[in-house]
Amino acid sequence: MDTATLTEKVAAKTVPIYIMGKKYEVPDALTIMKAMEYAGYQYIRGCGCRGGVCGACATVYRKAGDYKIYTGLACQTVVEPDMYLTQIPFYPANRAVYDYETAEPTPETVYKLYPELFRCVACNACTKVCPMDVEVLDYISALKRGDLKAAAEISFDCIQCGLCASRCMGEMAQYHIAQLARRLQGGKLAPKAQHLDKMCGDIEGGAFTGMLGDLKSMSVDELKKVYTAREMEPHMGADEWTPASSHGLA
Amino acid sequence: MKLGYYPGCTLKTKAANLEVAALAALDRLGIETTELDRWNCCGAVFSLADDDLIHQVAPIRNLIRAAQQGCDTVVTICSQCYNTLARANKLVREDDEKRDTLNLFMREEPDYNGEVEVVHYLSLLRDRVGWEKLREAVTNPLTGLKVAPFYGCTLVRPLEVAVDAVDHTILEGFISALGAEPASFSAARECCGAYQMIAHPEEGMKRAAKVIAAANHSGADALILSCPLCEYNLGTRQGDVVAAHSGLDQVPTFYFTQLLGVALGLDPELCRLDLSGPAARTLLTERKYIAAATA
Amino acid sequence: MASIPSPIHPDNLRAVRKIAEISGQNVYECMQCGTCSAVCPMVESMGFTTRQGIHYLQFGEVEAVIDARIGEFCASCQTCLVRCPRGIDVPRVFEAVRQLVLRTNTDLVVLKDIPKDTLAEAPQIAFVATFRKLTS
């Protein structure tokens, strides 16, 4: 339909939602975040990337007549009629202080820094509440049996929203523990990406120094010209495309 | 129907010396078993509060996994895991209300009604193999080795899960089948100190000292165990215990599965003696039950 | 139990009832034979013996039993259970006493006081068991 020919205003269908106890009628296609802004709330915290990856906007909600607790990211979850929601911008979580450089990549490092790991009762509240469908119980289990690799892999999608910690009976901050496991596994145990090493070597060896120096010495207008004239990957191109100019890339 | 194997947290790392030879032995004896997929920690202690159901969730969830994976029986080697799983299973089988509440709570899992049987490795050995056949399978009898059988607590109490409920000398029978001599050992069913070694270390060490003293008194060459916590208290910490209490002699500790592995003539590497105290390997090499490790 | 004429203060009776609820045991069945004390591996660490503990509970003196730290030093060996001639599940009774403390959000073991070496050396089972029994 050509929007230029529309002559009537079409009213959006609205649904009632309850934001921290107060009722609002909001358009039904909005996400929780947009609905709260539509209702007049201004986010000064509890809002981040708006793209589902930063974990700032974790929201807890219930539906009318339903005892269950539902969770979702406000920026990703579309409103439902009679949704009762609240946001938990920050849930206090124990974060151990450690020196990554000297930390040994063993499960014992995790046990020393987070002994509360062993308070897990396998209640599964953490998995049930996770908005990213991470199998939290599974990675905690993996850590208890000493498997750093499995814990790192299972917790990969975690965005550190903190909802698991808010529901944990053992009072641990699962996401901090998982982050330690990923740091140890990724940084010290997993095989290193050799092309990364090579690239770092190239950079340190000055492969890009000349080019960066040129850019830094340009005026704003020159920079704009260079930017607009840059070589870009075509929108609809062949599957394989390499830049024509190599600019110091080996 | 399958025999599922439930390891428990500790057997994958610190107590690999309880697991590896055990599984290899089952293989040698023709018993097939599969490790459960997606198992979680069982909780180690069975909750004794009548109104407490949350601590039953962990063991029951494992039994659900077993049922999901087509197992009618689950075998465990760690005595504490055995005790917890077996008692939780009994709770579900006998208390309809609690069973229903647990199933309702674990809505994300299929219902569990006690379909799976929980057995300990020792019972499995005795019932599916038998001491006679085990004796026949032994190629490297531990002749001349006097072994103190430490049952501990969780293997034998309470009565409804006790592996020695009917056969009071199950460990002695096992030891004899390996060609060794069971020692008459007064502390066979006494407590090693359990978690008090962590919570109140001095008290824990006093308990361990009593067990070591009894082992010394029995004239045993070695002490066998079935639980990683007993091994920690009586084995790993034995140096501290002996240092703190006069009149004690060191006695090497083994998991019963390590001696099983040696007696069946399995590759000694499978017995993971590297995880046991050095005295363990020394005893076995001195008595020529295994070859001395080449440097 | 409420119908038994008793010199015990109603507050204490409430505590005894709570223990009966959590443990499912009737402490009045105890005939004070002392076998539980005789077989208890941790009895020397406790403020008074297991048998005395049950006796105090019969009078509703729960606080005294908590102060004697019977529940804290118990190692859950279950020997008292299998030896009690009256068939009282003694471990459950002291678990109930332990729960009365734990459920006030009190830990009986302080996690940060556990030496780092122990955290690295002891098997996982040791911590799972300790924390389940002694932390809330």
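Chain B and chain A bury about 1,400 Å² between them in this predicted model, and carbon and sulfur atoms give 51% of that area. Buried area here is the accessible area (1.4 Å probe) that two parts lose on being put together, summed over both. In chain B, Arg38(B), Ile54(B) and Arg107(B) lose the most area to chain A, together 28% of what that side buries. The contact involves 16 residues of chain B and 17 residues of chain A, where contact means heavy atoms within 4.5 Å.

A word on conventions. Residues are numbered from 1 along each chain as its sequence is written, and chains are lettered from A and ligands numbered from 1 in the order in which they are written. The model is predicted, so local features need pLDDT of at least 70, side-chain atom pairs count only at pLDDT 80 or more, and totals for chains, interfaces and linings use all residues, while side-chain values use heavy atoms, with hydrogens and water left out.

The predictor gives the complex an ipTM of 0.93 and a pTM of 0.87. Chain C averages a pLDDT of 91, with 96% of its residues at 70 or more. The pLDDT is the predictor's confidence in each residue, from 0 to 100.

Back to chains A and B. The rule finds two salt bridges across this interface. A salt bridge is a side-chain nitrogen of Lys or Arg within 4 Å of a carboxyl oxygen of Asp or Glu. Glu108(A) and Lys14(B) are joined by a salt bridge, 2.7 Å from N to O. Helix α2 (residues 54–68) of chain B supplies five residues, the largest share of the side that touches chain A. Helices (H or I, at least four residues) and strands (E, at least two) are DSSP runs, numbered from the N terminus.

Chain B also meets chain C. There, 41 residues of chain B are in contact with 42 residues of chain C. These two chains bury about 3,400 Å² between them, 62% of it on carbon and sulfur atoms. Leu48(B), Tyr195(B) and Ile198(B) supply 21% of the area that chain B buries against chain C, more than any other three residues. Two salt bridges are counted between chain B and chain C. Asp50(B) forms a salt bridge with Arg92(C), with the closest N and O atoms 2.7 Å apart.

Now turn to chain A. Helix α4 (residues 136–144) is largely enclosed by the rest of the structure, because nine of its nine residues are buried. Buried means under 20% relative accessible area, exposed over 50%, and partly exposed in between (1.4 Å probe, protein chains only). The buried residues of α4(A) include Tyr139(A) and Lys144(A). They pack against α2, α3, α5 and α7 of chain A, α2 of chain B and α9 of chain C. Gly146(A) follows α4(A) and has a positive phi, near 90 degrees.

Some backbone details remain. Most residues other than glycine have a negative phi, and most peptide bonds are trans. Asp82(A) has a positive phi near 60 degrees. Asp82(A) sits in the loop between β4 and β5 of chain A, and is partly exposed, with a relative accessible area of 28%. Gln32(C) has a positive phi of about 60 degrees, in the loop between α1 and α2 of chain C. The peptide bond from Arg157(B) to Pro158(B) is cis, with omega near -5 degrees. Pro158(B) lies in the loop between β5 and α7 of chain B.
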